[in-house]
Amino acid sequence: MRVLVVEDDPALAVFVQKGLMLEGYDADRCGDGETALELAAELPPDLVVLDLGLPRRDGGEVLEVLRRDWPGSLILVLSGRADLQQRIRCLDLGADDYLVKPFSFHELTARCRALLRRRERHADPMLRCAGILLNRMERTVSYQEVALELTTKEFALLEFLMLRRGACCTRAELLQHVWHNSPEAGANVVDVYITYLRKKLSAAHQEGGLWSSPIETVRGLGYRLRDLHRLPRAESSVHEPAGEPPSVPGPSGVERSETAGLESGTADQREAGAEHHG
Ligand code: CA
């Protein structure tokens with residue numbers, strides 16, 4: 001499950017992000033409202049933990065846009081604004097929950113779990129694409145009905161490619177969303193893990209018969225999970241498996257804007273309890 005933490009206090013943002021990652025969530029973070037909306041546009045998160053007092057775009061405004069444009073994302077407001085009117089306003093705008101700072105981290109994760117559980121009762125946890133079946137709740141993967149054993153990073157990488165199936169994922173996007181721009185991740189970590197994934201998919205192919213790795217290289221840009229039902233094949237694609245039907249002519253290379261850097265707005269680092277109303 002992908003969680004986006006929108007918090008302009010860098011120490012608090014890192015604390016919440018790392019804590020959520022330890023709980024097994026794939027957590028991204030950013031420090032201002034504008035970047036939050038850009039990240040959500042790239043890949044709608046399952047859950048947004050949203051501060052209200054934010055630079056560049058107020059949290060209330062972010063909440064309205066998120067709810068309008070990504071109705072499937074859950075929103076938990078985490079704010080120092082404790083007054084009743086503010087809480088009612090946020091819930092009326094579409095927030096799914098509201099937690100007041102200072103807060104207990106255990107309560108935050110309990111509320112996250114409760115929200116996601118509630119949603120999972122109504123949502124299909126399965127991603128299906130190109131013969132791959134990925135269960136986001138049970139964290140299992142199969143390819144052509146052959147079960148795959150993936151590491152945490154391999155799973156997150158494949159999940160991201162599946163969520164964006166048919167579209168090119170740049171190395172920068174993969175570094176951000178899967179490795180969270182960790183300084184420990186080497187420059188070629190994306191390529192290395194793509195190789196791991198392709199090997200595992202190819203091994204399943206040898207067991208299962210007619211299929212090969214559906215991960216295509218988009219030359220000079222990144223990678224794409226082939227989805228014959230969604231997107232015509234781009235001319236720039238390489239890694240063409242043998243025996244495929246001819247490409248359908250169509251628009252090439254879906255270009256995506258590079259994501260703005262994290263923590264791009266940290267001007268407003270007021271203590272949570274000192275946030276102003278409105
Ligand atoms: Ca704030």
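Start by selecting R67: beyond its neighbours within four places in sequence, R67 is in contact with I75, L93 and G94 (contact means C-beta atoms, placed from the backbone, within 7 Å). Before going on, note that this is a predicted model, where local features need pLDDT of at least 70, side-chain atom pairs count only at pLDDT 80 or more, and totals for chains, interfaces and linings use all residues. Residues are numbered from 1 along each chain as its sequence is written.

Now display the C-alpha atoms of R67 and G94: they are 6.1 Å apart, although the two residues are 27 residues apart along the chain. Colour residues 59-69 next, and you will see that R67 sits in helix 3 (helices are DSSP runs of H or I, at least four residues, and strands are runs of E, at least two, numbered from the N terminus).

Zoom out to the whole chain, which has eight helices and 13 strands. Of its 278 residues, 37% are buried.

For the last stop, select residues 152-163 (helix 6) and 171-179 (helix 7), whose axes come within 10 Å and cross at roughly 125° (axes are lines fitted to C-alpha atoms over the stretch in contact, with angles from 0 to 180 degrees between N-to-C directions).

Conventions: Contact = placed C-beta atoms within 7 Å. Buried ≥ 20, exposed ≤ 12 C-beta atoms within 10 Å, placed from the backbone.
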